[in-house]
Amino acid sequence: MTTTIEGVSAREILDSRGFPTVEAMVTLAGGVHGTGAVPSGASTGEREAIELRDGDPKRYGGKGVRRAVANVNEILAPELRGMDASDQAGIDGKLIALDGTENKSRLGANALLAVSLACARAAAAAAKTPLYRNLGGAAASLLPVPLLNVINGGRHATNSLDFQEFMIVPHGAPSFAEAMRYGVEVYHALRKLLESRHLTTAVGDEGGFAPALGSHEEALDLLVEAIRAVGLAPGEDVSLALDAAASELVEAGGYAFRKSGGPKRSADDLIALYDGWCRSYPIVSIEDGLGENDWAGWQRLTAALGKRVQLVGDDVFVTNERLLARGIQDHVGNAILIKLNQIGTVTETRAAMKLAASAGYRSIVSHRSGETEDAFIADFAVASGAGQIKTGAPCRSERTAKYNRLLAIADELGGRARYLDPFSGGGRLA
Ligand code: PGA
Ligand code: ZN
C-alpha cells in the first residue's frame, strides 16, 4: 500500500482540562489515514518547545490554537504533500526545517507534533501493522512498568501538598496485566482509607486523589498502608515514586512550600529530606527533586542518591538531546522523562532516548497533565522498549486509554510479551 502523503489537515479539539489543543490528520494516496492529538502540560519546563496559543482573549481565555491549526493547513500541508509518510525521519526533518527556530516557536510544537504523530499512524495503517510494531520493529515486546500517580498535589490539585505526584509502581508483578491489577487494587484501597478518614476522594488533573493531607509524609504513609491493605508487599510487589516538580517551588535562592506554608528549604535540605524518605519508605524513583536551573544541586542530589534511587529529569532535560548530553557529562540524574511535546517530533524524541540508553540512563515515557484520548504513548513505550510509563491514575478515560491500549498490546503479543522489573533487589535500582 502506498505511503505517499495526499493531504494533511488539522483542527482545534479539547484536552482533558477543557482547553483547546491540536489534532492533525494525514491522508495517504491509497485512502488510508492516521490522526494525532497533542497533550498539554501545566508545570512546564522553561526550555520546552513552544506550544503556540492564539492569545486572543475573546476565545478560550487566549488559549485557542487556531494559529497552530492554520500553520498545519496552510504551511505544512502543501510542503508535505507527495512525501513518504513511512520516512519518519525525513518528515520530521522537513517539519523542523519549515519551522526554522530552535524552540519551534514559529509554527508551534503543537502543530509539528500533531503532524509527526499522524504520519506515524498513517504509515502503520498503510503497512497494516500495529503502531508499536511499525515504529519498533518485530522485536518490540517489552511492556512498560506503570508509574500510577494516585495522589495529586502541586499544580495539579488545590490541596495543601507542595509536591506534585505520589505514585505507586507495581514493578514486582509477573506481567503487565497483573501490574495493572496490583495498581488498581491499591488505588481502590486508598480510596477506602481516605473515606474512612473523612477525606475527599475527588480527583486531580491526572486522576489521582487530591485529599487535604497534613503533610507529604501522611501521603507516603497512606500509600504504604493501601499496598498492605490488599495483601501486597511494599518494596517488593509495589513501591513508591515521587515527582516533586521542584521547579514550581523555586523562589529567590531556595524552595518555598507555598501550599503547606512550611519554611523555605535549600537544595541540601531537600536532598536530606529525600535521603531520609528513601530510608523510611520503599521509594524507587524521584523526579524533578530539584529545580530545572539548579544543576549544581542536581549534581549533589545525584552523588547522594543516584546509586540507590532512580533520579528522573523532566523539566531539567525536557526531552532535549542537547540538555541530556550536558546532564550525562555533569552526572545529573540517571533517568529522563520522555514527553513528545516537550521537543515536538517523534524523531527527536527517539534520539534523546537513544542517547539516554547509550549512557545507561533509563527512559520513562510520559503523558501530560492535559491529555486527550489519543493513546500514542502506549504504543510508543512498547516500540521504544522504554521499560516504564507514567500516565496517571487508573481513573479518567484519557488516562485509562493508555493503560487499556497496553493491555491490548500485551494480549496481542501473548507469550512474546515481556515485563521486566527495573527495581529488583528490594525495590532499589537494579
Ligand atoms: P505537566 O506535569 O504535564 O503538568 O507538565 C507532568 C510532570 O511534571 O511530569
Ligand atoms: Zn514531572
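Ala, Val, Leu, Ile, Met, Phe, Trp, Tyr, Cys and Pro count as nonpolar, Asp, Glu, Lys and Arg as charged, and the others, Gly among them, as polar. This is a predicted model, where local features need pLDDT of at least 70, side-chain atom pairs count only at pLDDT 80 or more, and totals for chains, interfaces and linings use all residues. Residues are numbered from 1 along each chain as its sequence is written, and side-chain values use heavy atoms, without hydrogens and water.

View 1. Strands are DSSP runs of E, at least two residues, and helices are runs of H or I, at least four, numbered from the N terminus. Two strands pair if DSSP finds at least two bridges between them.

**View 2. Strand 11 (residues 310–313) pairs with strand 12 (residues 335–338).** The sense is parallel, over 2 bridges. Val 312 stands opposite Ala 335 in strand 12.

**View 3. The largest pocket has a volume of about 320 Å³.** A pocket is an open set of points on a 1 Å grid over the protein atoms alone, where a 1.4 Å probe fits, with protein on both sides within 12 Å along at least five of seven lines; lining residues have an atom within 4 Å of a point. Grid points are joined across faces, edges and corners, and the volume is the space filled by probe spheres set on them. The lining has 18 residues; Glu 102, Asn 320, Arg 322, Ile 343 and Glu 348 lie nearest the centre. Helix 9 gives the largest share, 3 residues. The lining divides into 6 nonpolar, 5 polar and 7 charged residues.

How values were computed: Chains lettered and ligands numbered in written order.
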